[in-house]
Amino acid sequence: MQFFDANATLASLPFDRLIPALRERFAAGCEVPPRHVQEIVNPLGEAGQDAAGRRMTSLIMPAWIPGRYYGVKIVNIAPGNARRGLPGLHSSYFLFDARTGVPLALIDGDQITARRTAAASALAGAYMARANASHLLLVGAGRVARLLPEAWRAVRPIERVTVWARRESEAQALAAALREQGFDAAATQQLREACGEADIVSCATLSTEALVRGAWLTPGSHLDLIGSFTPAMRETDDACFEGARLFVDTDEALQKSGDLLIPMQHGKLRPEDVRGTLTTLSKGVATGRKTDTERTVFKSVGTALEDLAAAVLVYGSSSPPVTLDHITARDPGSPPAVPS
């Protein structure tokens, strides 16, 4: 069994390889059963320990390609870790031979999760963002937000990046880091004005209230929503979906995300308003952007399919790279060809 720590996993998942790997896996499909959730309550034993400190939640997320690979991501969430001086979340990915059960690899799950999340947004944007989109607005400055400019640059000619975060210091720090990567990056506290200037607005926060308003978005813009992965979380208001072409990563988004559930409760959005998923887009069954003036919206909640695709790429990281030429074609509605 091979072992890939955080640095090795990062090195094995460049976005110009990860994005096509996700597209190919969405097109080909795999088995993805519902995730398992285990609540682990530990005995008292630490000074000042409360209910949160005693409880750990473990998410078990399996997926497999019959006859090829079987993978399981285990995510352990321990709210009491802040008091212990430890990160609150740890994840690991185990990859097996699906025929024999032989262990193949143990891979850093945190790197897999963050990079496949950013790559999924870029894959969707390859179908939905205008071909000449060059100005990206980041709403949020966390771990995934830090990866988004690099991921987006793999599919669109991103030059300018604006960063908004609740804490101005975090936005300033991320903008400085992005300038070192060669982006024309700046922080802002004027979210409304920034939304009106950006070609792509990408939200990666843990917000439970609307941050971005539909009235602020311009014709031809693309809205990328990452953060709302529970019914109580929300990054946008109802108006963001009015008159826009809406796509999701999987149909589960309609059951998990407050960004979709709340407008549906208000009668402003219907399930049939969803124009496609990453599967139908990758297969060429659905068409993304049709004109340069329409608004598009992509909502993701994550899927174990993405984790498996990333893990297989890490395990086979010595194989020759594929290119993104098929994704960055000038025609934004045409599906990319399957790489050989």
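Where in the chain is the place of Gly 67? The points below answer this and go on to the rest of the fold.

1. Basis. This is a predicted model, in which local features need pLDDT of at least 70 and side-chain atom pairs count only at pLDDT 80 or more, while totals for chains, interfaces and linings use all residues. Residues are numbered from 1 along each chain as its sequence is written, and side-chain values use heavy atoms, with hydrogens and water left out.

2. Gly 67. This residue lies in the loop between β3 (55–65) and β4 (69–77). Helices (H or I, at least four residues) and strands (E, at least two) are DSSP runs, numbered from the N terminus. Gly 67 has 39% relative accessibility and therefore counts as partly exposed; buried means under 20% relative accessible area, exposed over 50%, and partly exposed in between (1.4 Å probe, protein chains only). Not counting residues up to four places away in sequence, Gly 67 touches Ala 98 and Arg 99, where contact means heavy atoms within 4.5 Å. Gly 67 and Arg 99 are 32 residues apart along the chain, yet their C-alpha atoms are separated by 5.3 Å.

3. The chain as a whole. The secondary structure comes to 12 helices and 16 strands. The radius of gyration of the chain is 20 Å, close to the 20 Å that the globule rule gives for 340 residues, so the chain is as compact as a globular protein of that length. That radius is taken over C-alpha atoms, and the globule rule is 2.2 Å times the number of residues to the power 0.38. Of the 340 residues, 54% count as buried. Among contacts with a separation of 6 or more, 71% are between residues 24 or more positions apart.

4. The sheet. Eight strands form an open sheet with parallel pairing, in the order β9-β8-β7-β10-β12-β16-β14-β15. Its edge strands, β9 (184–187) and β15 (274–277), each pair on one side only. Two strands pair if DSSP finds at least two bridges between them. Strands β12 (residues 222–225) and β16 (residues 296–299) run parallel and are joined by four bridges. In one of these strands, β16, Thr 296 is the bridge partner of His 222.

5. Helices on the sheet. Helix α6 (residues 143–153) packs on the sheet and touches β7 (135–139), β8 (160–164), β10 (200–203) and β12; its direction makes about 160 degrees with that of β7. Helix α7 (residues 168–180) also packs on the sheet, touching β7, β8 and β9, with its direction at about 170 degrees to that of β9. Axes are lines fitted to C-alpha atoms, for helices over the stretch in contact, and angles run from 0 to 180 degrees between N-to-C directions.

6. A helix pair. The axes of α5 (residues 109–128) and α12 (residues 304–315) come within 9 Å and cross at roughly 110 degrees. That makes α5 roughly perpendicular to α12, a label for angles of 65 to 115 degrees. The contact is made by Ile 112, Thr 113, Arg 116 and Ala 120 of α5 and by Glu 306, Asp 307, Ala 310 and Ala 311 of α12.

7. Thr 250 sits in the loop between β14 (245–248) and α9 (253–256). Its relative accessible area is 16%, so Thr 250 is buried. Leaving aside neighbours within four places in sequence, Thr 250 is in contact with Thr 277 and Thr 303. Helix α10 (residues 258–265) is mostly covered, with six of its eight residues buried. The buried residues of α10 pack against β12, β13 (234–236), β14, α9 and β16.

Conventions. Parallel < 35°, antiparallel > 145°, perpendicular 65-115°, else oblique.
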